[in-house]
Amino acid sequence: MESFDGQESTVVALATPAGEGGLAVVRLSGPDAFQVAARVFEGDGFGSNPEARRAVYGILHWPESAPTSPNKAGCAIDQALVLPFKGPHSYTGEDVVEFFCHGGRMVSQAAISACRMAGAVPAVAGEFTRRAFLNGKLSLGQAEAVADLIHAESEHSARAAVRQLLGGLDDQLREIEKPLLDLLAHVEGSLEFVDEEEIVVPRSEILRVLDGGIERLDRLVEMAPAGRLLRDGIHVVLAGAPNVGKSSLFNAMLEDDRAIVDDEAGTTRDVISGRLHRAGSVFVLHDTAGLRDDPGRVEELGIERTWRQVAEADVILSLQVAGEKAPTVAGAGAAPVVSVFTKADLVPDATGVPGSVLLSTTSGAGLDDLWRAIDAVVAGFQLEEAVSLGVVLNERHLHKLSSCRDDLQRLRHEVDLHQPGDEVVGSLLSSILGGLGEVSGRVFTEHLLENIFQRFCVGK
Ligand SMILES: Nc1nc2c(ncn2[C@@H]2O[C@H](COP(=O)(O)OP(=O)(O)OP(=O)(O)O)[C@@H](O)[C@H]2O)c(=O)[nH]1
Ligand SMILES: [Mg+2]
């Protein structure tokens, strides 16, 4: 990957997916965006000082001076529309030009090459959004929401990302930071008038603010699992003894004949996964090898994979045949378990056990009950809350927010037990606020930006 080129360069990239399509959008951003555009576009008075936000129809062509391809010089590439944005009123905050060309690999590649000959350099992944962040057009949470929105596969994840893009996470962070900043100002203010050792701001006041911060951070940290589920989908693992009907149920839930079903025990040897969209969420189902004590060699490898999958599940479906005694996987993973009794059609007088689901994939009876039970488990994951607040936390957020919470707790303990002077309180508070600033993007490092923007595609 090419390294980030600094903000002085003018970059170019295809903003729409590569391949055939009705339109392709090629985007330029940087101080020379208008000059580059004027060298490759001819139409209705369009020049190097174009009217902002007015689309102009014309001819996109190779630059007149194209030393590497003299035979192309000035040749037309496409009929296109050009739309200029004058910084700071653009996505990146810089001068931006968008060309709307005909879709298709050749046209967009030629448009990009022409812009490069005219002085632009190729953008790296996420460079437009990175520039938007560096120019103060987006917070870090908003920039991350852009990536989440692009990658969103479900209605819930798209809704949560768009709310975060509109400032959801920033609002939550501000609510946490504001009282702490006020307290910091208060203790720092008191230092101007008195001796360092002295305590002026009442301890009860400090404790009240710290408690409020800890509580708000706790609530935010609790939403981290929801962020992962929104991003990666809800992983449901079907596990149980061989032949209980795991693959049959997996196929029935997916409404697709994906996994091999057979009356020989030990049919499934490997984890088979399938995705499905339901109630605004993505579910990832995993069919697994049946668990038994004396498996063959290959089966044993499959069983190891079953346990790994169970350990990583969000919801475990523990299957056993109705009316038969069998070991279950309850308690094997950290995730909630739904007990499922299968082959209900073979036991005509079967009655359900409270808290479990009785079903038959042969007749289809009980499948609705199973989804209701899964929905009840999912309701505990706070997805709705994350969506409505616009907070999609990732590992980075979780790590930072938890350590800020722990630091606040330590400070609280200190204030409560040892009554430190205002100067100590002030210095600890400002380091905690620095940590919170790394989540909001007030404080950032090159390394942090590298990690965040590598998730983006080129052209965003
Ligand atoms: N009568 C009846 N038979 C079922 C039902 N579900 C599955 N079966 C049968 O049970 C046998 C085993 O089904 P599978 O779905 O392959 O079971 P499994 O748990 O995936 O088995 P392994 O992959 O060997 O661990 C097959 O012959 C299925 O047709 C059901 O609801 N009713
Ligand atoms: Mg199977």
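Begin by selecting Lys86 and Asp95: these two residues form a salt bridge, and their closest N and O atoms are 3.5 Å apart. The model on the screen is predicted. Colour the pair by accessibility. Lys86 counts as partly exposed, at 38% relative accessibility, whereas Asp95 counts as buried, at 13%. In total, the structure holds 29 salt bridges, and several others are visited below.

**The domains**

Next, display the whole chain and colour it by domain. Domain 1 covers residues 11-139, and domain 3 covers residues 233-381. Domain 2 is written in two segments, 153-223 and 391-440. The centres of domain 1 and domain 3, taken over C-alpha atoms, are separated by 52 Å.

Select Arg396 and Glu144. The closest N and O atoms of this salt bridge are 3.1 Å apart. Arg396 belongs to helix α13 (residues 395-418) and Glu144 to helix α4 (residues 140-151), so the bridge ties together parts that are 252 residues apart in sequence. Both Arg396 and Glu144 are buried.

Asp211 counts as partly exposed at 31% relative accessibility, and Arg412 counts as partly exposed at 23%.

Then select Asp44, Glu51 and Arg54, which are linked in a network of salt bridges.

**A buried lysine**

Now show the backbone of Ala241. Its oxygen lies 2.8 Å from a polar atom of the Lys246 side chain. Leaving aside residues up to four places away in sequence, Lys246 touches Leu238, Ala239, Gly240, Ala241, Asp287, Thr288, Ala289, Gly290 and Leu319.

**Aromatic pairs**

Finally, turn to the aromatic rings, among which the structure holds five aromatic pairs. Select Phe133 and Phe444. Their ring centres are 5.0 Å apart and their planes stand at 70 degrees, so the pair is edge-to-face. Phe133 is in helix α3 (residues 127-134), while Phe444 is in the loop between α14 (422-440) and α15 (446-453); the pair links distant parts of the chain, 311 residues apart. Phe133 is buried, with a relative accessible area of 7%, but Phe444 is partly exposed, with 37%.

Move on to Phe283 and Trp371. The centres of these rings are 5.3 Å apart and their planes are at 75 degrees, so this pair is also edge-to-face. Phe283 lies in strand β10 (residues 281-287) and Trp371 in helix α11 (residues 367-379), 88 residues apart. Phe283 and Trp371 are both buried.

As the last stop, select Phe41, Phe46 and Phe99, which form one aromatic cluster.

Methods:
Residues are numbered from 1 along each chain as its sequence is written. Chains are lettered from A and ligands numbered from 1 in the order in which they are written. This is a predicted model: local features need pLDDT of at least 70, side-chain atom pairs count only at pLDDT 80 or more; totals for chains, interfaces and linings use all residues. Side-chain values use heavy atoms; hydrogens and water are left out. Domain bounds come from an automatic or database domain assignment. A polar contact is a pair of N or O atoms within 3.5 Å; within protein, one must be able to donate a hydrogen and the other to accept it, and residues adjacent in sequence count only if both atoms are side-chain atoms. Contact means heavy atoms within 4.5 Å. Rings of Phe, Tyr and Trp (its six-membered ring) pair if their centres lie within 6.5 Å; planes under 30 degrees apart count as stacked, over 60 as edge-to-face and the rest as tilted. Helices (H or I, at least four residues) and strands (E, at least two) are DSSP runs, numbered from the N terminus. Buried means under 20% relative accessible area, exposed over 50%, partly exposed in between (1.4 Å probe, protein chains only). A salt bridge is a side-chain nitrogen of Lys or Arg within 4 Å of a carboxyl oxygen of Asp or Glu.
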